[in-house]
Amino acid sequence: MGNKLGRLSNADAKYTKSTGLYPKCEWDDKTVKKLIGKKKIAPRYPGTEEAAPDRDECPICFLWYPGGLNRSKCCRKPICTECFLQFKKPTSLKPIQCPFCNACNYAVKYTGQMTKEEREAMEQEEQRVIEARIRMREHELEAQDAREREVAEERAKRALEGPSEEEIREQERLATLER
């Protein structure tokens with residue numbers, strides 16, 4: 001029969017237990033160890049608050065991890081194993097949505113550390129998103145300014161014309177009611 005978990009390297013074997021990032025994990029250690037051994041999920045490396053060129057940041061807990069993170073199958077966003085195990089419950093029967101792009105049937109894969117090219121592509125994509133948000137905000141501000149100018153012009157026009165017949169009748173009606 002042999003040891004089915006023999007695929008774990010000595011280095012990775014010590015990273016199958018919880019790091020303590022979260023007080024409780026519903027997954028049992030044996031199942032997690034199997035998933036790590038089969039390279040379905042990343043080892044539970046301890047995260048640090050210091051960024052380094054050879055580390056990846058989890059956008060959920062904002063800690064930096066060596067050895068690579070899990071990647072969402074839908075949008076390829078990174079997530080550490082501790083956060084993934086909190087998000088994806090072991091007994092959940094209904095599919096869950098990706099916390100990043102809201103795609104259905106959220107799942108991850110572990111492919112090891114990102115290559116230099118993958119890091120550059122991700123940074124470029126993040127920069128494009130930032131620039132698109134800036135353009136959208138500028139467009140919204142321009143549209144708001146145009147609406148405010150239209151309202152100001154309409155008010156100025158009404159002030160020059162004086163009250164309309166309808167406004168005069170309404171004022172007269174209110175005056176008679178007050179008497």
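## Note on the predicted model: cavity, pockets and fold

1. The largest cavity of this predicted model has a volume of about 50 Å³, and a search of the whole structure finds one cavity of 30 Å³ or more. On a 1 Å grid over the protein atoms alone, a cavity is a set of points where a 1.4 Å probe fits but cannot get out, a pocket is an open set with protein on both sides within 12 Å along at least five of seven lines, and lining residues have an atom within 4 Å of a point. Grid points are joined across faces, edges and corners, and a volume is the space filled by probe spheres set on the points.

2. As to the basis of what follows, the model is predicted, with local features needing pLDDT of at least 70 and side-chain atom pairs counting only at pLDDT 80 or more, while totals for chains, interfaces and linings use all residues. Residues are numbered from 1 along each chain as its sequence is written, and side-chain values use heavy atoms, with hydrogens and water left out.

3. The lining of the largest cavity is made up of Ala-42, Pro-43, Arg-44, Tyr-45, Tyr-65, Pro-66, Gly-68, Leu-69, Cys-80, Thr-81 and Glu-82, and at least two of its residues come from each of strand E2 (64–66) and helix H3 (81–87). By class, this lining has seven nonpolar, two polar and two charged residues, where Ala, Val, Leu, Ile, Met, Phe, Trp, Tyr, Cys and Pro count as nonpolar, Asp, Glu, Lys and Arg as charged, and the others, Gly among them, as polar.

4. Turning to the open sites, the largest pocket has a volume of about 340 Å³. Of the 15 residues that line the largest pocket, Glu-57, Trp-64, Pro-78, Met-122 and Glu-126 are the closest to its centre. Strand E1 (55–57) and helix H4 (116–161) are the elements that give two or more residues to this lining, and the largest share, four residues, comes from H4. The lining of the largest pocket divides into eight nonpolar, no polar and seven charged residues.

5. The second largest pocket has a volume of about 160 Å³ and is lined by Lys-77, Glu-125, Glu-126, Val-129, Ile-130 and Arg-133. Its lining holds two nonpolar, no polar and four charged residues.

6. The chain has five helices and five strands, which are DSSP runs numbered from the N terminus (helices H or I, at least four residues; strands E, at least two). Read along the sequence, these elements follow the pattern α-α-β-β-β-β-α-β-α-α. The radius of gyration of the chain is 29 Å, well over the 16 Å that the globule rule gives for 179 residues, so the chain is more spread out than a compact globule; this radius is taken over C-alpha atoms, and the rule is 2.2 Å times the number of residues to the power 0.38. Along the principal axes, the C-alpha atoms fill a box of roughly 100 × 40 × 25 Å.

7. Buried residues make up 21% of the 179 residues in the chain, where buried means under 20% relative accessible area, exposed over 50%, and partly exposed in between (1.4 Å probe, protein chains only). Of the contacts with a separation of 6 or more, 54% are between residues 24 or more positions apart, a contact meaning heavy atoms within 4.5 Å.

8. Lys-39, in the loop between helix H2 (29–37) and E1, has a positive phi of about 60 degrees although it is not a glycine, and Lys-39 is partly exposed, with a relative accessible area of 44%. Arg-76, in the loop between strand E3 (70–72) and strand E4 (78–79), has a positive phi of about 65 degrees and is likewise not a glycine; at 36% relative accessibility, Arg-76 counts as partly exposed.

9. Thr-48, in the loop between H2 and E1, has its C-alpha atom 6.7 Å from that of Tyr-65, 17 residues apart along the chain, and, not counting residues up to four places away in sequence, Thr-48 touches Arg-55, Leu-63 and Trp-64. Ala-156, which lies in helix H4, is 109 residues from Gly-47 in sequence and 61 Å from Gly-47 in space, C-alpha to C-alpha.
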